[in-house]
Amino acid sequence: MANSSTKKSRLIAKTVIILVVTILFVTSLFFANQIEHLLGINSLTENKVSSKIINSEPFSLHYIDVGQADCSLIVLPDGKKMLIDAGDRTIESKNKVKEYLKNKNITIIDYLVLTHSDSDHAGGMKMVLDEFEVKNIFRPFQIASNSDGSLYNGDPLSLYVENLPADAPNIEYNKVTTQTYRDFIDSAYNETYTDGESNKSAVVMTNYDGYEIVSSNYSISWFAPSLIEGYKNPIGYKGSNSEGYMTKYYKDANDYSPIISINYKNDNFVFTGDAESMAEKDFVASFSKRQDNDKNKIINCAVYKAGHHGSKTSSTTDFIQILNPKIVVISVGAGNSYNHPSPELINRLYQTKCWTEKYNRIYRTDKNGTIIISKNDSDIMIALENDKHSVFNAVKWWQIGLGIYAVIVISVVFIKGNVTIKKTAKIIKQAGSK
């Protein structure tokens, strides 16, 4: 009788072991980041939550799915709204951006940023300026030109470069001959917004390294494009609403993209438009000369929106090592002809060892749809329109180890005990009835 009782106890113990190990393994799949946070393996906790939870937070970033284009909405802690780029020229993209903003009851945009002149970033700008009131507009130092290459008189920067002072160096500048860009320029310099009982003209500022917006609990810093060394002549003329400075000449329009970092609760959220290796190289070269306070506003960033839709010519190794991002977001269209994001870029991100796992901290609009991110005191919260990240695509090294251990334990229990699941269940039932 004692032998039978002992046998039953052993079977119960073995079954409990199997259940505990199984529960631990399954739990690790769904709560991996929280477990790492508690164990100190990872300093950043990432929770997937509903968009309703994030929308109730005072600070949120919305990487809107506009296909092979770019548009990001930032809701700042003081209630101000910032829009970086506006999608492409297609009706579908324009409607997506317009409806997204209106569904959030947005009527005023405090900061509208055009990173550079390409139509997949500038295509929806005229629509935004027509449909919403905009207070501050940031533009690249690219000169709007007519289709024949002559300077477009509607762009105040044309007057600026034609009337440079005598001491100005022989400066090259980038001309843009597209109608999309001329439409943006016309709308930007004619934009007004309501201030009390009067209308005011929007301020149009060039993107340039050194500009900063500082509030009580956040800051927005521009780290590019670079100014011209030894020459800093303010833009503007009598009666103009233009401000800023002329920036360095780049042959590639993408390199006019600003590197913008939003600092909130000691974390940085970085946007780089389509900045390519040349712009990143200039940033890296200037980094060591910056003050520590400025460096802290971009290093070890919580979220990095990968440059140029994940192109292999952006997100260079030296640049990524400075940013050291925890999460990467890629705005990219499904089945695009550019092969974005580039496999080389994905491998580069992994090889820089910016995070401990390869897949579950890279989010893509072609797979996840619109991506919404927020941060409270300790956690990064993420809401995905389409959550195509299977938990089994995000398995980490310690989870694999736990899984192997679980298989070994279960195998040993069953082989050594020479019992089946059915027999174990029957014995447990009999033991419970006594």
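Biologist: Which residue in E5 does Leu-83 stand opposite?
Modeller: Leu-112. This is a predicted model, and local features need pLDDT of at least 70.

Biologist: What makes E4 and E5 a strand pair?
Modeller: Pairing takes at least two DSSP bridges. E4 and E5 (residues 108-113) have three, in the parallel sense. They therefore count as paired.

Biologist: What makes E3 and E4 a pair, and in which sense do they run?
Modeller: Four bridges join E3 (residues 72-75) to E4. The cut-off is at least two, so the strands pair. They run antiparallel. Ile-74 has Met-82 in E4 as its bridge partner.

Biologist: What lies between the strands of that hairpin?
Modeller: Five residues. Gly-79 takes a positive phi near 90° in this hairpin.

Biologist: Which way do the side chains of E4 (residues 81-84) point?
Modeller: Lys-81 and Leu-83 point one way, Met-82 and Ile-84 the other. Side chains alternate between the two faces of the sheet in a regular strand. Both sets in E4 are buried.

Biologist: Which elements make the β-α-β unit, and what is its hand?
Modeller: E4, helix H4 (residues 91-103) and E5 make the unit. The unit is right-handed.

Biologist: Why is Val-20 called partly exposed?
Modeller: Its relative accessibility is 43%. Buried means under 20%, exposed over 50%. The value falls in between, so Val-20 is partly exposed. Val-20 sits in helix H1 (residues 2-30).

Biologist: Which residues form the nonpolar surface patch?
Modeller: Ile-12, Val-16, Val-20 and Leu-24. Together they have about 310 Å² of accessible area.

Key:
Residues numbered from 1 in each chain as written. Predicted model: local features only at pLDDT ≥ 70, side-chain atom pairs only at ≥ 80, totals over all residues. Heavy atoms only, no water. Buried < 20%, exposed > 50% of the residue type's maximum accessible area, 1.4 Å probe, protein only. Right-handed = clockwise from strand over helix to strand, strands pointing away. Patch = residues over 30% accessible without salt bridge, like charges linked within 9 Å, V, L, I, M, F, W, Y side chains within 5 Å. Areas by Shrake-Rupley, 256 points an atom, 1.4 Å probe, with all protein chains shown as cover. Salt bridge = Lys/Arg side-chain N within 4 Å of Asp/Glu carboxyl O.
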